[in-house]
Amino acid sequence: MTLDIPDELIDWRAKGFWLPSGEVTTRDFAAAGHTLFDGSFTWPLLVVRDSAVRANIATMAAYADRHGFSFAPHAKTTMAPTLLDAQLAAGAWAMTVATASQALVLRRLGVPRVLIANEVLDATALRWLAAESARGWEVFLQVDSVAGVEAVAAAGGLPVLVELGHAGGRTGARTVEEVLTVARAAAAAPGVSLVGVTGYEGALPDAAAVDEFLATLVASARAMADLLPAEVLVSAGGSAWFDRVIKAIEGQWLDGHQVRAVLRSGASVTHDDGFYRERTPFNREPGEGGLASALEMWAQVLSTPEPGLAIVGMGKRDAPFDEGLPVAEGFTVTKLNDHHTYLSGGAPAVGDLVRFGLSHPCTAFDKWRFIPVADDDDVVVDVLHTYF
């Protein structure tokens with residue numbers, strides 16, 4: 001299938017694109033043969049490398065297939081229709097979102113199956129989701145309380161997975177007993193369809209804690225087995241511990257049921273040069289594959305006001321900084337302001353362009369409405385537009 005991707009207009013409002021007058025569609029801009037350094041752009045500029053993102057999508061699709069998993073990558077990483085379309089074309093079983101608004105975007109794009117990896121309590125959004133589900137759209141919610149089940153039922157009912165959480169974490173019932181209480185409420189609620197159990201292990205500190213959590217997820221599924229349908233969805237998986245998820249829930253381990261294990265890793269589509277470069281499971285299991293950073297930022301040296309210090313025209317408005325600062329070969333980034341980066345080391349000159357690697361793609365894409373995709377010769381081959 002192919003998503004219904006709008007051909008957006010780029011004009012003077014598009015950060016990084018230099019269009020003082022006039023406008024052009026994303027498709028026409030991509031077809032024009034622009035390069036990154038021919039004057040079509042200004043700085044700073046976020047760029048996606050085509051070869052890296054294609055390789056990452058293929059790697060994760062092959063990995064999930066090899067282990068018998070259904071892949072439902074998290075769309076909230078990019079919210080870029082072109083990348084979602086490429087992941088579905090590579091065999092993704094579904095796409096995952098975090099909010100009802102993101103689910104609405106994917107519905108309008110034509111994504112056929114969506115997991116909302118979060119609780120939804122807004123009655124207006126729930127009624128819309130229930131109506132779209134009744135029209136044949138496959139959409140699944142998470143619930144972690146009886147109140148959440150009641151809200152879903154009041155809206156008309158939807159398929160739900162009971163969410164397991166962990167102490168100090170975010171949403172999710174904290175124990176097997178609490179999961180079972182919610183599952184019983186879902187099984188009994190009119191219009192609500194209990195389809196499985198889900199959890200998120202990404203915030204846990206180490207492999208031992210992740211393994212303990214995933215063992216509890218399996219125990220939760222077993223405890224509620226009598227309430228579940230013939231095919232059971234069991235879902236987990238950020239981008240830092242998906243190897244542990246594979247080991248914990250692959251195979252057919254729930255007697256009397258077919259387990260569909262669903263992996264939701266989203267940051268893998270672009271990877272990064274920081275948080276996930278250090279934490280990717282492929283560091284632990286290199287024989288399983290590898291990911292390449294597909295994100296880079298180009299910015300210009302504005303000033304060298306004192307020895308050992310360069311000020312670059314890029315800042316918190318442009319680059320993620322929540323999971324580590326940007327990196328540049330031969331330099332050290334020491335601080336970011338709103339529109340300035342402090343760079344030490346090397347001998348940059350005023351006006352030089354510096355290529356930065358980024359950490360944490362989930363907070364990179366949301367800062368940019370339009371993002372050029374470049375091949376390895378710096379020719380623009382596509383323009384992503386994001387819906388945040």
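From which domains does the lining of the second largest pocket draw at least three residues each? The lining draws at least three from each of domain 1 (9–49 + 291–385) and domain 2 (51–272), with domain bounds that come from an automatic or database domain assignment.

This is a predicted model, in which local features need pLDDT of at least 70 and side-chain atom pairs count only at pLDDT 80 or more, while totals for chains, interfaces and linings use all residues. Residues are numbered from 1 along each chain as its sequence is written, and side-chain values use heavy atoms, with hydrogens and water left out.

**View 1. The largest pocket holds about 690 Å³ of space.** Of its 36 lining residues, Lys76, Arg170, Tyr200, Tyr276 and Cys362 are the closest to the centre. A pocket here is an open set of points on a 1 Å grid over the protein atoms alone, where a 1.4 Å probe fits, with protein on both sides within 12 Å along at least five of seven lines, and lining residues have an atom within 4 Å of a point.

**View 2. Strand S6 (113–119) and helix H10 (275–279) each supply at least two residues of the lining of the largest pocket.** H10 gives the most, with three residues; helices (H or I, at least four residues) and strands (E, at least two) are DSSP runs numbered from the N terminus.

**View 3. The second largest pocket has a volume of about 230 Å³.** Among the 15 residues that line this pocket, those closest to its centre are Arg54, Thr82, Leu83, Ala86 and Asp382. Helix H2 (50–66), helix H3 (81–89) and strand S18 (380–385) each contribute at least two lining residues.

Notes:
Points joined across faces, edges and corners; volume = space filled by probe spheres on them.
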